[in-house]
Amino acid sequence: MNSLHELLEINFFNQIFSFSSSLSSDVFFYDSFRYSFFLLNLFGFDIFIAIDGFSFLFLFLTAILVPVTFLAGWDSIKKDYFLYNFLIFMSIFLLNMVFVVVDILTFFIFFELLMIPLFFLIGKWGSRPESLVASFYFWFYTLFGSFFLLIALILIYIYSGGFLFLNFVYLFNNYDIISSIVCLFLFIGFMVKIPVGPFFHLWLPQAHVEAPTAGSILLAGIILKIGAYGILRFVLPVFGYYLMKYSVILSFFSILSVIIVLWNIESCNDLKKMIAYMSISHMNLALLALFCNLDNFLGLQSFIFFMFSHGIVSVGLFASIGFVYERVGSRDLTRIFSLRNQPIFSGFFLFFFLANMAFPPLSSFVCEMLVYMSIGMGSIFLLLLSMIGFFLNGYLSILIFCKLFLAEGHSLYVPFYDLTNREFTISSFLIVLILLLGLYPNFIFNMIELDVQYTLLEMKYFFSLKI
Amino acid sequence: MFEYIRSEYFIDLWSSWTLGIASSKEFLVFVLVFPLIVALGYLSFYISIKFFSYDYKTFFYLKESVIFFSFIYFFFFVLILIDFIYYVEVHKLFFNLSEEEINILLNIKNK
């Protein structure tokens with residue numbers, strides 16, 4: 001492993017320094033990606049593709065969630081099953097492309113195309129007539145973010161003549177104000193996807209509540225992670241310097257949304273909305289950890305591991321709530337009482353809620369420990385504030401579980417069957433993954449270690465240029 | 001001795017799968033485009049039902065086919081994962097390569 005690391009490190013410095021001295025043809029293909037480069041000819045369009053640890057991590061997360069997505073929609077999808085399959089497979093293909101393309105223009109195109117299948121998934125297969133409103137929410141908020149992304153793209157093209165990593169570097173070296181604007185606009189574009197509160201997050205609870213279970217799984221599992229991936233890929237390596245300058249303001253927004261969003265949950269009755277808010281607060285917590293340690297191994301590593309772990313845990317929660325909806329026909333906590341005749345289901349549900357609370361041997365415990373360590377290294381004050389979020393999260397998780405499974409009273413209608421084979425397969429698959437990641441997190445850390453080091457090297461190099 | 005030969009055979013077979021197929025770029029491209037191929041297949045069925053009025057009931061095992069495709073896709077990724085993370089380790093273990101030879105291999109892979 002050492003020799004590999006040294007080899008790649010030498011390559012990195014050669015490429016950076018040869019770039020700064022002259023624009024040789026070898027350097028032209030250098031990007032912030034580290035591994036395999038190749039050309040994919042898709043219907044006559046040449047797409048330049050590269051894969052490294054970050055992109056592979058998110059590709060693997062997508063691959064994990066594909067069977068879960070389809071199994072979750074097995075009984076609940078009644079109409080136009082072929083079209084539904086087409087849209088989900090299409091969105092998976094677009095996600096694949098988003099995670100592997102090299103230049104930001106192609107990334108932007110696939111990023112935008114991804115809105116189309118999701119718009120129809122939420123609008124057509126949603127559980128209520130309001131789903132159309134939710135899909136428009138999703139559409140317009142994403143358009144709002146894309147507007148900033150597009151301006152950033154145009155600025156990059158005007159001032160550097162292309163969309164590759166090399167053009168980013170050129171922009172960073174020559175135009176100070178423009179590159180700070182580009183950094184900010186790129187970041188706002190990705191903020192909508194993460195989503196960072198207290199304004200950008202409003203589309204997500206709506207979309208989650210109205211979407212079918214499979215749509216929620218795709219949203220919570222992968223779509224939210226595109227924002228994180230965009231920041232890791234396009235903002236951090238070159239524009240990390242500007243993010244560091246803004247990190248105080250950005251961490252203020254993150255901590256604000258962690259607490260405010262959790263505070264909102266008290267006034268909600270919809271189960272899916274509650275979980276959606278929890279997921280927003282978790283994403284912001286990870287972002288806070290990143291801002292507290294932008295130039296550090298810990299900050300990046302905790303952020304990325306959190307993305308992967310959250311992708312699996314939140315999917316488990318949304319799938320479980322889908323099961324509740326299939327049994328009772330409602331997600332309203334004021335109307336559902338006591339599913340206590342279902343021991344296996346309640347056990348699995350409790351497991352996912354414990355994972356949401358970061359219970360020790362589970363994957364979320366590892367990542368939340370890293371995240372709080374990172375926040376604590378940044379600022380003790382922020383750590384104390386984020387502990388409010390930690391407490392609220394645990395309190396609400398237990399409250400929801402107790403209301404659903406332990407309360408005495410009459411439910412609307414509770415069928416007398418426990419988990420079916422299909423539901424058992426989904427839950428146990430996710431539970432095994434959560435346990436494995438908790439017991440052996442090095443699996444993910446090995447995957448991303450070199451790439452994190454590279455990103456830090458790049459950041460430090462460009463940071464030293466400005467100082 | 002027999003056990004030894006059998007294990008060697010199995011390792012050869014496994015490594016030819018993981019390293020031979022999964023490490024090729026063609027396979028990776030195929031896996032990336034696989035959802036698109038399946039999606040277009042389902043779209044063609046949808047169009048045939050919607051606009052040419054084929055009988056919906058003639059399509060047996062529709063849901064099972066989806067699950068099959070999704071698990072196949074997951075399996076492809078597990079293969080690539082083994083290649084991606086444990087490329088160096090697997091080569092060291094199965095082929096007894098030196099550091100130099102591994103560097104040469106990595107250079108070929110990263111080009």
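In this predicted model, A:S160 is in contact with A:N167, A:Y170 and A:L171, when its neighbours within four places in sequence are left aside. The residue belongs to helix α7 of chain A, which covers residues 131–160. Is A:S160 buried or exposed? A residue counts as buried if 20 or more other C-beta atoms lie within 10 Å of its own. A:S160 has 22 such atoms within 10 Å and is therefore buried.

Attention now turns to the nonpolar core. In soluble globular proteins, nonpolar side chains tend to be buried together. The largest nonpolar core of this model contains 181 residues. Those that touch the most other members are A:L57, A:V98, A:L186, A:I217, A:A286 and A:L288. Helix α11 of chain A, spanning residues 213–265, supplies the largest share of this core, namely 28 residues.

Chain B remains to be described. Its secondary structure consists of 5 helices and 0 strands, and along the sequence the pattern reads α-α-α-α-α. The chain has 111 residues, of which 18% are buried. Among contacts in chain B with a separation of 6 or more, 72% are between residues 24 or more positions apart.

Key. Residues numbered from 1 in each chain as written. Chains lettered and ligands numbered in written order. Predicted model: local features only at pLDDT ≥ 70, side-chain atom pairs only at ≥ 80, totals over all residues. Core = buried A, V, L, I, M, F, W, Y, C linked by C-beta atoms within 7 Å. Buried ≥ 20, exposed ≤ 12 C-beta atoms within 10 Å, placed from the backbone. Helix = DSSP H or I, 4+ residues; strand = E, 2+ residues; numbered from the N terminus. Contact = placed C-beta atoms within 7 Å.
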